[in-house]
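I open this notebook page to record what I looked up in the model, going from single helices to the chain and its surface.

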Amino acid sequence: MARLAIAVPLVIGLIFLLLYFTFGNLRQAALVVLAIPFAMSRWSRGVADRRTLSLGSGLRRIHALFGVAVLNGVVKISDLNELRQEGMPLHEAALGLMPLLLASGLGSEIQRPLATVVIGGLISSTALTL
């Protein structure tokens, strides 16, 4: 556990630096990194239930958890940045599939199920990541 107390902050710091260089934006890098403590709270609960934790298994769990939490944030922020570069306002970029979900006109029988799956996946993915 003493080694993890050193390794975890070091890894979070390195992830933050990589995110900063990727996005070129301190705020966006911090937003992704702030999802990690929320994911860690669930990890801590799982560790408490197991009673034993070796360094190897702890690092594998942390690696998987950090990877999922960070990847989810990177994909979302990258997509929003791309849409905003195309001139779309932030609120429209974040809620772009909502018109498809609420559509009732011609072709909505195809669009609505797709939008439902994508929006549901994003919501559940975000909830599970956090």
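I call a residue buried when its relative accessible area is under 20%, exposed when over 50%, and partly exposed in between, with a 1.4 Å probe and protein chains only. Helices (H or I, at least four residues) and strands (E, at least two) are DSSP runs numbered from the N terminus.

The model is predicted, and local features need pLDDT of at least 70, side-chain atom pairs count only at pLDDT 80 or more, while totals for chains, interfaces and linings use all residues. Residues are numbered from 1 along each chain as its sequence is written, and side-chain values use heavy atoms, with hydrogens and water left out.

Entry on H1. I looked up which residues of H1 are buried, and found Leu4, Val8, Ile15, Leu19 and Phe23. They share one side of H1 because they cover an arc of only 50° around the axis, the arc being that of the directions from the helix axis to the C-beta atoms. On the other side of H1, I noted Ala2, Arg3, Ile6, Leu10 and Phe21 as exposed. The helix runs over residues 2-23, and its 22 residues reach 32 Å from first C-alpha to last, close to the 32 Å expected at 1.5 Å a residue; the expected span is 1.5 Å times one less than the number of residues. Just after H1, Gly24 takes a positive phi of about 70°.

Entry on H2. In H2 (residues 26-33) I found Gln28, Ala29, Val32 and Val33 buried. Down the axis of H2 these fall within an arc of 135°, so they line one face of the helix, whereas Leu26, Arg27 and Leu31 are exposed on the other side.

Entry on the surface. I then looked up a nonpolar patch formed by Leu10, Leu14, Leu17, Tyr20, Phe21 and Leu26, with about 630 Å² of accessible area together. Accessible areas come from the Shrake-Rupley method with a 1.4 Å probe, and for residues only the protein chains shown count as cover. H1 supplies the largest share of the patch, five residues. Why is Leu17 counted as partly exposed? Because its relative accessibility is 42%.

Entry on the chain. I counted seven helices and zero strands, and buried residues make up 25% of the 130 residues.

Key:
Patches are made of residues with over 30% relative accessible area and no salt bridge: like charges are joined within 9 Å, nonpolar side chains (Val, Leu, Ile, Met, Phe, Trp, Tyr) within 5 Å. A salt bridge is a side-chain nitrogen of Lys or Arg within 4 Å of a carboxyl oxygen of Asp or Glu.
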